[in-house]
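Student: Could we go through the pockets in this one, and then talk about how some of the helices pack?

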Amino acid sequence: MPKINENFLKMPASYLFTEVGQRVNAFKTANPDKKIIRMDIGDIKFPLPAVAVEAIKKAADEQLDAATFRGYGPEQGYEFLREAIRDNDFRARGIDIATDEIFISDGAKSDTGNIGDIFSADNRVAVTDPAYPVYVDTNAMAGRAGEINANGRWSKLTYLPCNAENGFIPPLPSIKVDMIYLCYPNNPTGATLTRAQLAEWVNYARKSSSIILFDAAYEAFISEEDVPHSIFEIDGAKEVAIEFRSFSKTAGFTGTRCGYTVIPKQVIARDEYGNNVLLNSLWNRRQSTKFNGTAYVVQRAAEAIYSPEGKQQVKNLIDFYKENAKLIRYGLKRVGFTVFGGINAPYIWAKTPNGERSWDFFDYLLEEKNIVVTPGSGFGSCGEGYIRLSAFGKKEDTNEAMLRLV
Ligand code: MLT
């Protein structure tokens with residue numbers, strides 16, 4: 001009989017958003033007449049930008065003709081998309097990234113989860129608390145997290161508490177760590193790091209020989225000047241950082257699936273004999289074996305959003321969701337909530353009004369107001385007593401939800 005990976009048995013019963021979905025479905029079954037407004041998972045509600053759909057149709061038509069049909073593509077992504085990314089997301093900001101440092105994938109969730117494959121199970125991992133649960137769960141599955149306690153904390157992870165007192169800005173680790181997950185603009189708190197604050201992390205990583213795994217999935221929501229869109233805007237970051245990007249929240253690809261990871265060739269780690277190894281080469285090796293590339297039609301759709309019309313259509317979507325975020329901030333404040341985020345991010349992080357526990361307040365909102373939020377404690381123990389609201393909704397639903405709270 002084969003043995004299982006025992007680490008999976010240590011995991012909490014379900015993934016955060018699965019648990020939320022199950023509770024919502026149970027409520028819906030018991031209350032089929034109620035109109036539920038979902039402000040939980042950051043799933044977009046608007047259709048894809050027209051340029052993306054046109055590109056998909058054109059690319060689909062190419063598949064009817066033997067001359068233009070595509071079979072297996074490059075595991076790392078087509079050059080046309082890697083060039084569009086290099087030029088628009090990096091060169092346009094004065095950052096020099098080569099196309100072979102960009103790896104196209106089916107999204108940042110997969111990449112932030114899979115990146116652990118190229119790191120030793122002995123590495124010490126630091127995560128912010130709260131954090132996007134994929135960072136913690138995938139390290140636990142790989143055996144890097146140790147044992148989980150009653151508060152949901154793992155014995156071998158180094159937690160960097162982010163709370164109202166420190167403005168949701170993580171402190172530098174107090175012990176030596178090897179891998180550090182940072183997500184800015186932050187999911188779930190909506191907090192950002194300024195250039196100077198991110199430079200402190202890059203300097204820390206350089207001094208302590210650690211690697212920063214930087215999730216920039218929400219960069220398109222940045223409104224403020226002094227907030228970097230990429231960690232590679234910071235001097236020295238190309239030696240110590242890997243960056244993850246997503247088309248889900250920018251161009252609405254949550255169902256279409258496309259993202260990418262940037263691994264500069266200067267980023268190195270050590271093998272057991274102390275030799276330097278390029279992480280770019282290791283990831284390339286991993287992807288060539290485990291991944292057959294993102295669908296051609298999807299990569300054409302992603303390329304299309306870098307056209308002038310595509311950029312405008314994406315901007316319209318982001319502006320729309322930012323307007324929703326403003327409505328939520330205003331609506332919550334009006335009824336007395338203390339709120340954070342929602343300015344450079346599509347998420348609003350709110351304290352429960354009377355110190356209720358996150359899941360209790362989740363249940364109250366679902367049952368009494370028929371509004372679904374994400375309980376803050378699902379992102380880590382420092383999220384206890386908070387809820388997260390997503391601005392990726394329709395305007396009428398967002399307005400109605402805020403009215404229901406009055
Ligand atoms: C979230 O709501 O945190 C995100 O939508 C989840 C994800 O991107 O996987």
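Student: Which domains does the lining of the largest pocket draw on?
Tutor: At least three residues come from each of domain 1 (6-47 + 309-404) and domain 2 (79-304), with the bounds taken from an automatic or database domain assignment. This is a predicted model, in which local features need pLDDT of at least 70 and side-chain atom pairs count only at pLDDT 80 or more, while totals for chains, interfaces and linings use all residues. Residues are numbered from 1 along each chain as its sequence is written, and side-chain values use heavy atoms, with hydrogens and water left out.

Student: And what volume does the largest pocket have?
Tutor: About 740 Å³, where a volume is the space filled by probe spheres set on grid points that are joined across faces, edges and corners. A pocket here is an open set of points on a 1 Å grid over the protein atoms alone, where a 1.4 Å probe fits, with protein on both sides within 12 Å along at least five of seven lines, and lining residues have an atom within 4 Å of a point.

Student: Which residues lie nearest its centre?
Tutor: Of the 28 lining residues, N151, G152, S377, G378 and G380 lie nearest the centre of the largest pocket.

Student: Which helix gives the most to that lining?
Tutor: Helix 5 does, with three residues, and helix 1 (16-30), strand 3 (125-129) and helix 11 (358-369) are among the elements that each supply at least two. Helices (H or I, at least four residues) and strands (E, at least two) are DSSP runs, numbered from the N terminus.

Student: OK, what about the second largest pocket, how much space lies in it?
Tutor: About 610 Å³, and of the 23 residues that line the second largest pocket, D89, R93, E219, A220 and V314 are the closest to its centre.

Student: Which helix gives the most there?
Tutor: Helix 10, with six residues; helix 3 (79-90) and strand 7 (241-246) each supply at least two.

Student: Switching to packing, at what angle do helix 1 and helix 11 pack?
Tutor: The angle is about 35°, with the axes 11 Å apart; axes are lines fitted to C-alpha atoms, for helices over the stretch in contact, and angles run from 0 to 180 degrees between N-to-C directions.

Student: Which residues of helix 1 and helix 11 make the contact?
Tutor: Taking contact as heavy atoms within 4.5 Å, helix 1 contributes L16, E19, V20, R23, V24 and F27, and helix 11 contributes W359, F362, D363, L366 and E367.
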